[in-house]
Amino acid sequence: ALVVWILSRIDMGEFTGYFLSLDILMLLLIIPLSVLSLYIQYLRWRYMVSNYSDHFDPKDLISSFFAGFTFRLLIPGGHAELSKVLLLPGQKRGKVIAFGMERIFQTMIKIMLSVWLLTMHFPQYFYIYIIISIIVIAGYIFIPQFSMLKNLYEKPVNYNRIFIWSVLFSAGVYVVMVLQYYILLITTFPISFSSTAYTVVFLWSAGVIPISISGLGVREGLAVYFFNLYGVPGAYAVATSLFLFVLNAIIPALIGLYYIYQKRKYLKDVRSTWQSSRELWKSLRKNQK
């Protein structure tokens, strides 16, 4: 509905013309960047799993990684992405924690970046940004103190080191995304790299708002608003955002469909995994009492 509403407010002639203007040279630049972004995200997933779990086969990580894109598109907020853990045979406890910490770290990074950049755009809400920042920092400090979480670990972990590497991996994904938007826009509009980088922070963070599928619609609305500040028409902003969404999310999700079908036998363990997780949770709560 958000996408339809946005499309109804832009010039469809310009929107269609955008796609007709894409040339082979541009695609030869954008597609390798998408592959690089996927590789960085895969490295981040592999790093998280290897730090929180000893019970996994590295060859299963690729199928789990791509399946995550497919599951992410099932419900708003992308919470179904957790199901990708089911495609990793063996004990699930550490893998679930790996997924959870990856999501938490990404959310923290995106919120902090967005909040501090918004101080330049809406300085009147400075104190609200300070409060949000304090909440995020407090969350970072107190998360490792939860004894219930510690009991779920399969092995000792270096929380701060994992967070730093997560920041570095996420920074790599962000830089690639900035390059993609910049390459697609600079050929038509004289937008600066810094202005593109500023805007992409909010587009990259759109998925944090759990009201749409993988930020779809929210991201396009933000693209129209922020890119318009630099003279980019709404039609081009929406078209660029949708094009990169297909390239960076839909195509990997289609690959994920293949892996889900290939490893569908593991999905039969959903009920038993859920039951064992509930029993584990109950026992942990009992021990806490």
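This is a predicted model: local features need pLDDT of at least 70, side-chain atom pairs count only at pLDDT 80 or more; totals for chains, interfaces and linings use all residues.

Four residues of α6 are buried, namely Y129, S133, V136 and Y140. Viewed down the axis of α6, these buried residues fall within an arc of 65°, so they line one face of the helix. They pack against two other helices, α5 (93-121) and α8 (159-186). The face of α6 turned away from the buried side carries Y127, I131, I134, I135 and F142, which are exposed.

Helix α8 also holds Q180. Q180 is buried, with a relative accessible area of 1%. Apart from neighbours within four places in sequence, Q180 is in contact with I30, L33, S34, L244, L247 and N248.

As for the aromatic residues, the whole structure has 22 aromatic pairs. In one of them, the ring centres of F65 and F66 are 5.2 Å apart and the planes lie at 70°, so the pair is edge-to-face. F65 also pairs with F69: the centres are 5.3 Å apart and the planes are at 85°, so this pair is edge-to-face. F65 and F69 are four residues apart in helix α4 (residues 58-72), about one turn of the helix. Both F65 and F69 are buried, and F66 is buried. One aromatic cluster is formed by Y42, F65, F66, F69, Y258 and Y259. R72 lies over the face of F69, 4.6 Å from the ring centre.

Terms used: Residues are numbered from 1 along each chain as its sequence is written. Side-chain values use heavy atoms; hydrogens and water are left out. Buried means under 20% relative accessible area, exposed over 50%, partly exposed in between (1.4 Å probe, protein chains only). The arc is that of the directions from the helix axis to the C-beta atoms. Contact means heavy atoms within 4.5 Å. Rings of Phe, Tyr and Trp (its six-membered ring) pair if their centres lie within 6.5 Å; planes under 30 degrees apart count as stacked, over 60 as edge-to-face and the rest as tilted. A charge sits over a ring if NZ of Lys or CZ of Arg is within 6 Å of the ring centre and within 35 degrees of the ring normal.
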